[in-house]
Amino acid sequence: MSALYLVLGVPLLGGLVLALVGHQPRARDINVVFSLLTFLAACVMTVEVIDGGPQFVWAKQFYIDPLNVFLVTLTAFVGLTTAIFSRPYMRIEQDHGKMTPPRMRLYHSMYQLFSFTMLLGFTTNNLGIIWVAMEAATLTTVLLVSVYRTPASLEAAWKYFILCGVGIAQALFGTILVYMAADKVLGAEDATLLWSSLSDIKGQLDPTIMSLAFVFLLIGYGTKIGLVPLHSWLPDAHAEGPTPVSAVLSGLLLNVAMYAVLRCKVLTDGALGTQMAGQLMMGFGLLSVVVAAFFISRQKDVKRMFSYSSIEHMGLITFAFGMGGPVANFAGLLHMTVHSLVKSAIFFTVGHATQKAGTQVMSEIRGLIKVNPTVGWGLMLGVMAILGMPPFGVFASEFLILTTAMREQPWATPFLFLALGVAFASMLIRVLPMVFGEETKLKPLAHPPALIPVFVHLALGLVLGLYIPAYLNGWYVAAASMLGG
Amino acid sequence: MSHFVPQLINLFATLILLLSFAMLAQRRIVSLINLFMIQGAALAAASFLLGYVTGHPDLYVSGGLTLLLKVVLIPWMLHRMIRKLNVRWDVEMLLNIPTTMLVGIALVIFAFSLALPISRLSDAVAGGALGIALACVMLSFMMMITRSKAVPQVIGFLSMENGLLFAATTVTNGMPMIVEFGIALDVLVGVLILGVFMFQIREKFDSLDIRHLESLKDD
């Protein structure tokens, strides 16, 4: 039996169990246990794939290859650390009266089901099921975003639901068109949406249909990636939900949507034999990087600022995959990894900082380093890492993306440098007083925060910048060559 | 028989498109739900007819699913919801219905020209219906933009789903069964969640007017 069944079964079971007992105090620990089991199962599956190569499970409905196996492990890992962080964090929220036992039950149950939908999206071989999983992920996170029931969180959740619902409907239309293209090659009886089978015949898929399909797929899943101009739901949803949810939304869910686009890009490239898909992605990606960088400079709310930073980084990743080729794909995958790790670490520290200050307005948060040095240093290091300071991993991937862009798409480099410069200056100018400011009104926390995840994430981000272990490197290279371009 | 089938399918396609236009201009919430129900029925009928002609048993299942969900369950839920929310007889102010209609016609033309190169390629019985399906999706999209009340927005969302299902049915004889069930599950859960939301929005904002939901802005 493949470990995949456990990877998917554990969070599903966790969602059901926590729907029954999620309101009890010990549910916080149960949540961690289920996330830990999911992570262990993901590790076992990774070992299986490294030893035995890509595997099909359950009549080819699931397909594990180098591209998705590392994303599964990453997702399970960040899911675990976020559950650990969420233990004291949600306890404090409960003390503040923001969470009640029924809401805790909803929160815990949806947290596990959200993990399930993401893992399903990564592991399924069926393009239709990817769509179903993305929509289900939207539904679970809509409930997570609105869990505080404040007017602002309801507004954010409603916008999130409607905009992503509309966006993702475009992706369904794209999927239907892909099915139609498969239908023309294989005939009505054998037509399939299985990615591995489509990949075998991608050279024969009709280019007219596939090019239109990719436009719809990119717009649809691009809404979930947060590509400008389809991004307007993202800062609201990330800022108004509980901080653990912001961490997994920014760190993980955006990756799932990105992954769906990548799978579709491989098929489209094969069918068209041109750069059309890559050029579209470069355009959207570059626009996102530039626009998000300028929005970062205008933010007053700390979580909104870091949400725009997520848009910026997802734009950069989209741009990298749009350029294609072994180096850019490698850089894109590396950037996905370090962005997940560092961004979720930042949200962990930001969460506790806002709890101390009782507000998310940045000008009200001052002098973190005096009140709680670990939170202060965590935030400072995290921000340095996400801004691409060496020797963190973001520097390595951004360096690779920029040098490839200079070589292959020189027209884009001034925009990239401008955007990265604006983001750097405006973020640093806001974060420095938050960490080192003189007078402070911050209050101590009622329960000690779990900050180990922050430093584990940052340490991993640092290691990936200094030295990528050989097996991980081989993994990235295999995935990058599979993406082609 | 086979001579009539494409015409019959086109008849259903036209009906679905006409209903999309009717929904665009309909101001009463109750009538809007009824129009949505009729659209679901037309969609289910098209599925059954195509299933009969092509002999695909999947299309019967798909049609049955549509019938159950879009004609019975969801309209019933929506009717119950508007009764409880006491917005049953609400009339929405719609500015510029003629302009909306004209823009709608432009959208239909755009959808047709977008789908034309692909419709030519399709050998399914009703390949020509792709343009109509895309037009329905775009009209529902427009309905969601122009409406400011929560319930019509949700109906626009569901009607968009109808357009997509119609595309899947006519162009490819339905999606794989497992995907159809997944989509149906998502839609059902989505409507349930939106329903709960509407009560919460009403409680917090004292209204179901989405124009009140505009406090979240940058700066």
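1. In which helix of chain A is the place of Asn31(A)? Asn31(A) sits in helix α2 of chain A, which covers residues 27–52; helices (H or I, at least four residues) and strands (E, at least two) are DSSP runs, numbered from the N terminus.

2. This is a predicted model, in which local features need pLDDT of at least 70 and side-chain atom pairs count only at pLDDT 80 or more, while totals for chains, interfaces and linings use all residues. Residues are numbered from 1 along each chain as its sequence is written, and chains are lettered from A and ligands numbered from 1 in the order in which they are written.

3. Chain A has 19 helices and two strands. Its radius of gyration is 21 Å, close to the 23 Å that the globule rule gives for 485 residues, so chain A is as compact as a globular protein of that length; the radius is taken over C-alpha atoms, and the rule is 2.2 Å times the number of residues to the power 0.38.

4. Asn31(A) counts as buried because 28 C-beta neighbours lie inside 10 Å, where buried requires 20 or more other C-beta atoms within 10 Å of a residue's own, exposed 12 or fewer, and partly exposed in between, with C-beta atoms placed from the backbone. Leaving aside neighbours within four places in sequence, Asn31(A) is in contact (C-beta atoms, placed from the backbone, within 7 Å) with Leu18(A), Ala83(A), His108(A), Tyr111(A) and Gln112(A).

5. Across chain A, buried residues make up 63% of the 485 residues. In helix α9 (residues 233–240), eight of the eight residues are buried, so this helix is largely enclosed by the rest of the structure.

Note on methods. Two residues are in contact if their C-beta atoms, placed from the backbone, lie within 7 Å.
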